[in-house]
Every structure is written in C-alpha cells, then in structure tokens.
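Okay everyone, thanks for coming. Let me put the structure up, and then I'll walk you through a few spots.

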Amino acid sequence: MAVHAEPIPAPAHDDHHHGPVSRGGGSPWLGAGWIRAFWVSAAFGGTAILITMLIRHLLGFPHPYSAEVAATFGLTFGAIGFTVGIGCFDYWWGYISGQPDWVQEDHSQHGAYSWRDYFRVNTDHKVIGIQYLVTTFIFFLIGGALAEGVRAELAAPGTQYVSPGNFNALFSAHATIMIFLFVIPSFAGIANFVVPLMLGAQDMAFPRLNALSFWMLIPGGVIFMSSFLVTPFQAGWTNYAPLSEHGPIGDTFFTIGVQFAGASSIATAVNFLATIVTMRAPGMSFWRMPLLVWANLATSSLVVLGTPFIAGSQFMVLFDRVMHTGFFDPAKGGNVILYQHIFWFYSHPAVYIMMLPGFGIISEVLSIHSRKPVFGYRLIALSTVAIGVLGFTVWAHHMFVSGMASWLRIPMMATTMLIAVPTGIKIFSWLATIWRGMLHMTTAMWFACGFLFTFVIGGLSGIFLAVIPVDINTSDTYFVVAHIHYVLYGGSVFTIYAGIYHWFPKMTGRMYDETLGKLHFWLTFIFFNLTFMPMHWLGLEGMPRRVYDYAPRFADLNFFISVCAFVLGASTLVFLYNIVHSWKYGEIAPANPWRALTLEWQVSSPPPIFNFDEPPQVVGGPYEYGTPGARHAIVRFHTPEPELVTSRPAALPGGAVAAPERREAVLSAMKHILVVANQTVAGDKLIAALKERAGTEPVRVTVICPESEPGGAWVIDEARVHEATQARLDRTLTELRAAGVQADGEVVSADPYTAVLDQVEGSDPPQEIIISTLPSTRSGWMRRDLVDRVRDRTKLPVEHVVVDPAAEKSEA
Amino acid sequence: MSSHAATMEGDGPFVSTGEQQVSAYHESLLRSPVFLGMVMFIGSEIMLFGSFFTAFFYVRFSHPHYPFGGFEIPKTGTAINTAILISSSFTMHWALVSIKRNKRFGLVVGLGLTLIMGLTFLALQMREYHSLGFVPSDGAFPSTFFALTGLHGLHVLVGATLLSIAFVRSCRGKYSADEHLGLEVTGLYWHFVDVVWVLLFTVVYLL
C-alpha cells in the first residue's frame, strides 16, 4: 500500500484580517500613505540640509550652503523620509521599541482587496510584483521617450533640436533609466510574483523588506529624473571619472539615485536567496525547481556580490565631488583607471543580472508552449550558475582601450569567450526543447522565439567585441550600440514581454488579446531589427557613439534608423493598449490556460491572497510535458476548490453514465474490481492477491493494461510490445479463470490515469481498484504518484500491489 | 530523472527526503531565513568593503612607499581602540550565551557593555580623526584612509543601533532561551564589524 503523507500542518494565518485595517489612526497626515510620505520626505530632506549648514557654520566654512552638500544630504534623507512616510517602517518600529502588543503574525498590510491597495505599502509578493511591473513600465515609457529624443536629434547631421550637452543628458538618462529602473527591477517584479508561487510558498521570506525594496526604487527614479530640474547628468550611465567629477550637479543626483536603486536590488536579492533556500515546498529539491527559480538564484547571488561594487564606485565619485577626495584624481595621487575597474567589476555581472532572469523566463515559456520537457534541464541550471561565476572574471573587456595594464587583456578575452560556452549550451538546449514539439504559437512563444533569433545575433557580435583587435577598432562606435541593444532589447526586453504575456492571465485573471499581442510582436520584432541591424554597419564604418553630430555620409542610414525607431516606439502603444484593455475587459482566464505543470498554474487566476492553503507536495520535475499523467506537485485546498483546468478537461459528467445493461444485472451482485497493470500483469504476487480476494467474496475482475509507459516514444517495434503485453494479459486471465475468478480484460492505449478514469466513468464502474506496479524505485507510474491520484480522484478504495518480476524470476 | 526515483525509495511516493524538512519554520539556525538573510547581507557588505579595499590597494601599490604622500597615522592609540572593539565581541558572546541559559542579568549587562564599548570605539575614532592633522581632500592616501575607516565607523554605528534595539528589547523582558534569533543576528553582524576592523587595522595601520 502506498502511504499518504502525514497531513501537513495548516499555515498559521487563519486569524488574519480580511481587508486592510486602517493604519496610523484617523488623520491622513499621520497615517501611512502618500500625504505623510510627502511631508516626511520634505521634512527629512530639509532638516538634513539645515543640519549640514549648521555643521558647516560651526566648523567655520565661509559659506554654510553648498549645493553639492545640500543635494547629497537632502536627496538621501528625503528619499529615506519617503520610505518612512509611506509606511515601510511602521511595523518595525513596533518591534524595535519592544511594544508589548507587538504581534508576529500581522497581515494587515498583506494582499490587495481593492485597487487602492496597490498604492500602499503592501507585503504581498503578488501585489509587489505588479507594483514593480507597472512602475517599471512607466519608467520604460519615459526611457523610451528619451531614446526617441536621441533618435530625433540623430535623424540628420548637425544640430536639430537639442544642444550637445542636452543630447548627452538624453542618452545618459535613457540608459540609466532603462538599466536601473526598467530591466533590473522588472525582472524583480516578474520574479516577485512568480517565484514564491513556483516554490509553493505563501510569500517571500521577508515580506516587509520586499515592500521596502520596492518603495526605495521610487525615490531612486525620482532622483534620476529630477536632475532634469537642475542640470542633468551627462556622463553616460557609466558615469566615468573624471568626466563625472567635473560634470554638473546632476552627477551628484546620479550617484545618489544609483545608491537607492542598488540598495533596492540588494535587498530584493537577499530576499530571493533566503526564500529559495528556506521556503521550498516539501519535495521541492533543488533539481525539481523550475528554471526561472534557478535563474533567480544565480541572479540574486550576482546582485548580492556585485552591486556593492557599483555602490562603492559611486560613493567614491560622490566623495571626490563633494569632499574633494582624490580617488580618481591623479593630481592628488589617485588613479582614473581605478574607477573603471571598480565600476565594471559590478557592471559586467550586471549584464548577466539583466539577462539570466530572462533566460529563466525563456526556459519556462519554450517548454510550456511547445509541450515538451526542457532539454538538458540540469545543464541549463548549471550553465546559469557557470555564467554567474564567469561573469565576475571578464570585467576588463570593457576597458581594452582604456590604457589599463596590458597583460590583463588576453586573460579577459579568454574568459569572455569562455562565457559563450554556457550560453551556447542554453541556446542549443532551447532549440532542442522546441525541436519536434507541439508548438503553440502564443504571443509569449513568439517573443521567446524572437528572442532566440535576436539574442544569438547579439551574442555573436559580443564574441566579435571580445576579440581585442576587433574591439580596439569598434570601441565607442555604433557597433557597440548595436550589440548592447541586441542583447538588452532583443534579449532582456523580449524576455520581459514574453514573461508578461505568459503570466498575464495568472497576474490579472484575464486573458490578453492574442491578435493584438501578435501584432505587437511582429511590429516590435521587425522594427527592432530594422532599427539596430544597420547600426552594426554604421559602427564598422566608424560612426562614433554618444555624439550628437556625424559625418554627412551616414545621413541616409541614420534617417532610416530614426524612422524605424519611431515605429518601434509606437509598437509599445499596441502593448500598452492590449494590457490595459485586457486587464479591464479581457476574457476571464482559467487557472491554467497553458496547461502548465509548475505550481503557480495550479492555483486560481489571480492566485488566492495567501497562495496555498497548505504547502503543496512536490512529486516530480517541473517540465514533464508529453509524459501522460505526469505531475509536478499535488496541491490541496481546504476551501471550495477553485475551478481548475487540468490536462484532462471535464470528463464525463456524473449524470451521463450509461444505463446498466442486462448482463450487468447478473453481475452486479459481485464486487467489481478493476486491476491496472502492465509489466507486472502476470506477476505471481498480483495473481495471488486476486485469488485470495476471490476466496473471501464473490468478485469479478476487469484487467486493463495501459500500454503507454513513460519512454514509450522510444519503442522501436510497437507491434511486438503490444503482442507481449497481450500475451501477459492472456496468461493472467487464463490463470484467474482457472482459479474460478470471473475475469475480463483488455490492452488499452491510454495512459494509466486516463484509462482508470475511463473505466470509472464508463458503463461498468468498478467498486475497487488494484494498481500493480514495479517496485517504486523503478516504477514510472509511481514516480508520478498514480496510486494517490487515482484514490483522490475516484474516492474508491485503491490497493497497491508491488510486483518485482526480476525477483520472481530468480525465485523460480 | 534519476533524482525522482531516488526520492521514491521506501514504501510510498511521499517519503520524506532531506529537503522536505526545509520549511519556513526553521529548525536550525542556517535554515532560518533571518539568519541566512543576515549571512548574505554580510556577504554583500564584504563586497562593499572589498570595493574600498580595492581602491586602497590599487592606489597603495601605485606608490613606492607607504603611507604615500608623507602622512603619519597613530598606531598606539588605535591599538587600544582595537582592543576595546575586540573585547566587545566577547561581551556580545557572553550576552548570547547568557540568554541561551536563560540568565537575564548576563544578557542585559553583556549587551550594555558591548554597546558602551562600541560607542567608545566611535568616540575614540572621532578623536583620532580630529588629531590626525590631515583631511580627506589632502590626497589619495587620506581619501582611502578616511573612506575605509569612515565606512567601518558607519558600520559600527549600524551595529550599535542594532545593539540598542536588542538592549531596549531585552530590558523590556523580550527574548528567551528559545526565542532569541534577533540576538543571534545582531551578534553575527557585530562580530563581522569586528573582524573587518581587525583586517583594516592590520592592513592600513600596521603593514
């Protein structure tokens, strides 16, 4: 007999408040929220500035007010004040001060009960995920608008609309916003929503830290953009010293904004790591985790270990600017190259921070929408880790022309090329995943396939750039611009789109419009390539990047690129319309529209506030598509079951059972036992068990031999296998009949689970079921917990007989 | 996959495996998300210090002698300060051991002493800054020196904040032999701050 798991203790949230309680008393000025956020932010920032002025006055500085100092402290404390005011610290304050009524299980900030809850500090990972995605998409639109500004200026040689300085500001802000406020946090948003569900957890490990991470991002973004109110930063997103140190005050804004975006990212990464390590559902071993989780494990490690370096580099720039230290000032004994080393030691791993979660999304989407297991699951997981490790050894390939130590070039070139190996493993594994799959070309799948195409191009131009002589020629040209957009737009952004389309039904409970989705894909895909492909050529011809003017011979191509870039930008509006419209009016989504196995699809759409009533039991790998009856996990609900669409949509309804025939009247006195067996059908133990049963009460037996075993696709001679099965069945029936048992049977082609259900819901339903399998270590059926599923579904007594033919043979 | 078969050995599909016992409700310290989170946060902090040490060594080895630029830093006074900080790690440990044996006196006094020593360290450090005779803008060596010691000082301040929280809570009767995860985490952070200082003192002051 198979043994049921011990009942898993129900989570301790039964007493949670249904609906957000009013926080912080009656007054909107004192309660957590936007009003308090504004005045606390202003108060913190203003007080900080006044205190610095007081200190400077006391220390005898001639001018108490310094714009740099005021910006540094005003922005920092203003941003902290914002997070305090919005209410990120309210709960912690209760803990810190040791208040006697401090409660550990406080869920008053958890979950969205109305749209207003999305505008508050919320500890629900699903709400935070959507907060991230919506916020970052707004930043994406802003960053995109800045890019269109760049393209407008570049549409013709000479000055069109902006001054050279403002042109620098446009592309600097474009890159900064896209990297720090769109790509990195929107992956955090998708992972926030999906990863805890995939793990079978109720939330992240630190829900309040999770909220704080999100709310730190907002002041970060506001700081970046408010630099346009003063003099914007113009030194590019790389903020190279000494350019940045002699730049306008906007550079101070940049260094502070990066700190908040970075702190947000580090806190999220620590949260993901703790969640993935400690919050997996029972049975969810590392090798059963979906690849998106693997990707986030690697990404989070990169963030935790890498991001402090950009924090360090920007602190040093800030110190050099504000305190006039000499880190990067050769006149004071500092070193300029040092900046690039520290900066790229983060910012190259950052490339993988911006790509690995996308790889995870692609693995999910390709496998689910081509109905095939991920090819080389372990290798993809390990290559993710390998990319993460190697990512820390390649930073100086950004510096081949910087004048750094020349011995560093060759090793960096070698390690950079080495990264192509794990990346290639992924690409080929994905191709093998969709090879001969049942491709369902949904919009998510189109974006995933488009990603494969564009990312390979971006990856290959990356290998060009790793080669020192090529790099020396193409450094700071449009070739590099083409490369980075092929990997960051054709790579990351395509995967973000794929992820949003894929999980949109889960997030909103509505289906998006496929036609508009496909229109969006084709517009994006075509105009993306038309925009960025010609840049390769421009770069090879020598057009420098980051310059507002260019030689007239590049004019035609640049005009073409600009036009395509505008259409590419407009294609985003199709997406925007589709998402907004579908969110409100879309068709109601079923729980599992893609018939996926991973856990997030086993709960309703959108998921319940606390995800799971009890931790799911994970019983198999996450991608066993094409294996009939395969299961990743068993999910139980205490409350009325949500409407689940399983791989077997609504079988015969209960009332449709055919009327009993005449023969049945005679036989109905006998207990009808259904025996399910294939390889073990002629096993001595099974026959002995049946004979024994026949001795105690009148029984009649129906034996079914479901033929489709796992790995059935590889059977070379189907006819011979069928014959062998039939022979085993015949032998069993003969033996049973000889023992006086009323026995009947057939070889069926369905998988065992479906075959049982066919019998149970058919014209002659059994009263009892006996399932005979190989010992559980070798049984494909047991691997997919057949016994328990049959028991759960049919509610009939199910006996499990284990037959070991090898042992029986040796006994004989 | 073979791993599935491996977990299925025994009498049924729901056989407990090692991983199954991992749950949000921690049994051991390393399985506690809070402790693990602090370990990883410290990993991140190590990298932050790493970036400043990188700057320090980069600048240091591009100059022939040390401290470059002809600056002098006091060793004796700082050695005393170092001793104070190291001692505070022991009192922290005493507090932790005390609460594990449910002795509240040791907890409160241990935390109090640790806090006082931490603040003393900060005060002496400020005094040292004042008496150095050079300021951060004087050159690359003062820059790296103030950045490293200042960053560390900031961490002592954060540690002292954590200690104050623990101190206030323990005075109000919180924590017990079974429930003192917050102390474990605070202690871990404090030891980290201590270890960083030992490294910093060795590299910047002694060598």
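Let's start with Asp764(A), which is partly exposed because 19 other C-beta atoms lie within 10 Å; buried would take 20 or more, exposed 12 or fewer, and partly exposed is in between, with C-beta atoms placed from the backbone. Asp764(A) sits in the loop between helix H21 (752–760) and strand S6 (768–773) of chain A. Helices here are DSSP runs of H or I with at least four residues, strands are E runs of at least two, and both are numbered from the N terminus. Thr702(A) is 62 residues from Asp764(A) in sequence, yet 9.9 Å away in space, C-alpha to C-alpha.

Quick housekeeping: this is a predicted model, where local features need pLDDT of at least 70, side-chain atom pairs count only at pLDDT 80 or more, and totals for chains, interfaces and linings use all residues. Residues are numbered from 1 along each chain as its sequence is written, while chains are lettered from A and ligands numbered from 1 in the order in which they are written.

Now over to chain B. Helix H5 (residues 140–171) of chain B has 32 residues, so at 1.5 Å a residue it should span 46 Å, and its end C-alpha atoms, 45 Å apart, agree with that. The expected span is 1.5 Å times one less than the number of residues. After H5(B) comes Gly173(B), with a positive phi near 85 degrees.
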